Amino acid sequence: MALFEATHIQKRFGARVVLENVSLSVEAGEVHGIMGPNGAGKTTCFNVLTGHYAPDGGRITFDGQDITGLKPHRIARLRVSRSFQIMNLFDDTVVIENVILALPRFRAMGFHPGRGVFDDTDLVAEALSVLAEVDLDAHAWDKAQSLSYGQRRALEIAVALAARPRIVFLDEPTSGLGAEATRALAELIRRLRQRYTIVMIEHDMAFLFDLVDRISVIHWGQVIAHDTPAALKANKWVARSALGELA
Ligand SMILES: Nc1ncnc2c1ncn2[C@@H]1O[C@H](COP(=O)(O)OP(=O)(O)OP(=O)(O)O)[C@@H](O)[C@H]1O
């Protein structure tokens, strides 16, 4: 049984049908890529899968449980995490604070005016271990705004990992990164894949094809192909219609 499965997902905005019939499944331990031309509906698909938009049709299951239409916080509580295309960090704070604020145990404690973010040494240790997973533990007490662009992307991923997700959705992780930072990110994802199931939208074909087990190609509101990178490269029709760079 697939860990995460979406069947016949539909989503429209007014009269505009963005997802007409999207079905995809992700196995536990897999790195799954989502690609397709600009405006194909990839981010909309993520938004539906993670509860940010309610679908107009179709069904989504996670670990056998129907999660269709659940609110984002309910889905997040099942340990489904996501990162966003636009960097979503608290810049004025130190690196580790970004992670502490995302820890489920910190969030469950609620807000108390007298309590500081760093008061609980167990939470600090937990956040440090998350930062170590993305190689940012040495920068834990630096201001978030002092990080390089590539390190900021790693911190964003750490924020997504803070909930110890069973599956993590990354929306265009290489966007805005130069060649060196992209290489470092590929290395990071190679390590993370040993612990996490990952789904990522990506435009950088070389990056994607190198890292993923399978790819779903979204075009015209549907998954037009679903296969391994090698098989997709060999599929001339897919290459012409959706992979521009490879054609
Ligand atoms: N909230 C919304 N209201 C109306 N239209 C929307 C909304 N969100 C997305 N769309 C439209 O849905 C279409 C698909 O957008 P989406 O961002 O999902 O595509 P994408 O494949 O992620 O594109 P890109 O690769 O450029 O990020 C676009 O035409 C977009 O304008």
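**Before starting.** I kept in mind that this is a predicted model.

**Ligand shell.** I began with what surrounds the ligand. On the list I found F13, R16, V18 and G36. Which elements each supply at least two residues of the shell? I noted strand 2 (16–26) and helix 1 (42–49). Helix 1 gives the most, with 3 residues.

**Strands 1, 4 and 5.** Next I followed the strand pairing. Strand 1 (residues 4–13) runs antiparallel to strand 4 (residues 57–62), and I see 5 bridges for the pair. I picked out F4, whose bridge partner in strand 4 is F62. Strand 4 is also joined to strand 5 (residues 65–66), again antiparallel, by 2 bridges. For T61 I looked up the partner in strand 5 and got D66. Strand 4 and strand 5 make a hairpin with 2 residues between the strands. I checked phi there, and D63 takes a positive value near 50°.

**Strands 9 and 10.** I then went to another hairpin. Strand 9 (residues 214–219) pairs with strand 10 (residues 222–227) in the antiparallel sense, over 5 bridges. V217 has A225 of strand 10 as its bridge partner. Between the two strands of this hairpin sit 2 residues. In the turn I flagged W220, with a positive phi of about 50°.

**Helices 6 and 7.** Last entry: a helix pair. I wanted two values here, as packed helices are described by the angle between their axes and the distance between the axes. For helix 6 (residues 149–161) and helix 7 (residues 179–192) I have an angle of about 25° and axes 9 Å apart. Angles under 35 degrees count as roughly parallel, so I put helix 6 and helix 7 down as roughly parallel to each other. I noted the crossing of helix 6 past helix 7 as right-handed. Which residues make the contact? From helix 6 I wrote down Y149, G150, R153 and A154, and from helix 7 A181, A184, L185 and L188. Sorted by class, the residues of this contact come out as 6 nonpolar, 1 polar and 1 charged.

Conventions:
Residues numbered from 1 in each chain as written. Predicted model: local features only at pLDDT ≥ 70, side-chain atom pairs only at ≥ 80, totals over all residues. Axes fitted to C-alpha atoms, helices over the stretch in contact; angles between N-to-C directions. Helix = DSSP H or I, 4+ residues; strand = E, 2+ residues; numbered from the N terminus. Parallel < 35°, antiparallel > 145°, perpendicular 65-115°, else oblique. Left-handed = near helix turned anticlockwise from the far one by under 90°. Contact = placed C-beta atoms within 7 Å. Nonpolar A, V, L, I, M, F, W, Y, C, P; charged D, E, K, R; others polar. Pairing = 2+ DSSP bridges. Near = placed C-beta within 6 Å.
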